[in-house]
Amino acid sequence: MTSETPRHSVSVTGVVVRPEDGKVLVIKRADDGRWVPPGGVLELNETPEQCVVREVREETGIEVKPIRLTGVYKNMNLGVVSLCFLCEPVCGELQTSNESTIVTWLTSKEAIARCPEARGVRISDAFSKDGPHVRAHDGKAIIN
């Protein structure tokens with residue numbers, strides 16, 4: 001018997017902060033040109049922490065260490081739940097991938113300004129001492 005109930009997808013987001021200057025790692029996506037923190041879909045055989053390490057490395061060339069969960073975000077239109085982790089860089093050199101046309105370090109203010117609200121809030125939440133935060137959005141704007 002198959003269920004007619006739609007399924008959720010789970011993804012991760014890595015807010016990678018350089019300890020020496022507080023700059024945030026962001027990418028310009030190849031598919032839609034939006035600026036976002038790196039991340040992607042959780043595979044069945046990996047933990048959320050393993051996924052954020054893999055996704056950040058694949059999209060940016062930077063190896064990271066997850067520090068803490070900072071938020072849970074649900075795209076109400078797509079049914080995607082994203083777990084956001086504050087991460088620190090361990091090693092690696094910036095490089096683009098088939099998913100990123102630009103990879104760079106920006107101040108948190110610059111990064112938040114370039115990202116859609118639903119992605120920028122993940123950066124501000126990662127810098128917050130409260131949390132983890134739980135928010136819903138429509139793919140662009142926060143709705144709660």
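Predicted model: local features only at pLDDT ≥ 70, side-chain atom pairs only at ≥ 80, totals over all residues.

The largest share of the lining of the largest pocket, four residues, is supplied by E1. A pocket here is an open set of points on a 1 Å grid over the protein atoms alone, with protein on both sides within 12 Å along at least five of seven lines, and lining residues have an atom within 4 Å of a point.

Residues are numbered from 1 along each chain as its sequence is written, and side-chain values use heavy atoms, with hydrogens and water left out.

Back to the pocket. Its volume is about 490 Å³, a volume being the space filled by probe spheres set on the grid points, which are joined across faces, edges and corners. There are 27 lining residues, and Ser 11, Arg 29, Arg 34, Gly 39 and Arg 119 lie nearest the centre. At least two lining residues each come from E1 (9–16), E2 (24–29), E4 (39–41), E5 (62–75), E6 (80–92) and H3.

Now the fold. The protein chain has three helices and eight strands, in the order β-β-β-β-α-β-β-β-α-α-β along the sequence. The radius of gyration is 15 Å, close to the 15 Å from the globule rule for 144 residues, so the chain is as compact as a globular protein of that length. That radius is taken over C-alpha atoms, and the rule is 2.2 Å times the number of residues to the power 0.38. Along its principal axes, the C-alpha trace spans about 55 × 30 × 30 Å. Of contacts between residues at least 6 apart in sequence, 64% join residues at least 24 apart; contact means heavy atoms within 4.5 Å.

Of the 144 residues, 44% count as buried. Buried means under 20% relative accessible area, exposed over 50%, and partly exposed in between, with a 1.4 Å probe and protein chains only.

Next, the cores. A nonpolar core is a set of buried Ala, Val, Leu, Ile, Met, Phe, Trp, Tyr and Cys residues joined through side-chain atoms within 4.5 Å. The largest has 16 residues, and Val 16, Leu 25, Val 52, Val 56, Val 64, Phe 85 and Cys 87 touch the most other members. E1, E2, H1 (48–60), E5, E6 and E7 (100–106) each give this core at least two residues, and H1 has the largest share, four. Apart from this core lies another, of 15 residues, including Leu 86, Leu 106, Val 121 and Ala 126.

Beyond its neighbours within four places in sequence, Val 64 contacts Val 16, Val 52, Val 53, Val 56, Cys 87, Glu 88, Pro 89 and Val 90.

Is helix H3 enclosed by the rest of the structure or exposed? Eight of the 11 residues of H3 (117–127) are buried, so the helix is largely enclosed. Among the buried ones are Arg 119, Arg 122 and Asp 125.

Three single residues. Leu 83, in strand E6, counts as buried at 17% relative accessibility. Leaving out residues up to four places away in sequence, Leu 83 touches Val 10, Ser 11, Val 12, Thr 13, Pro 48, Leu 69, Gly 71 and Val 72. Leu 42, in the loop between E4 and H1, is partly exposed at 23%. Glu 46 is found in the loop between E4 and H1, and is buried at 13%. With neighbours within four places set aside, Glu 46 contacts Val 41, Cys 51 and Arg 54.

Last, the backbone. Most peptide bonds are trans. Gly 131 and Pro 132 are joined by a cis one, with omega about 10°, and Pro 132 sits in the loop between H3 and E8 (133–137).

Notes. 1 Å grid on protein atoms, 1.4 Å probe; cavity = no way out; pocket = protein on both sides within 12 Å on 5 of 7 lines; lining within 4 Å.
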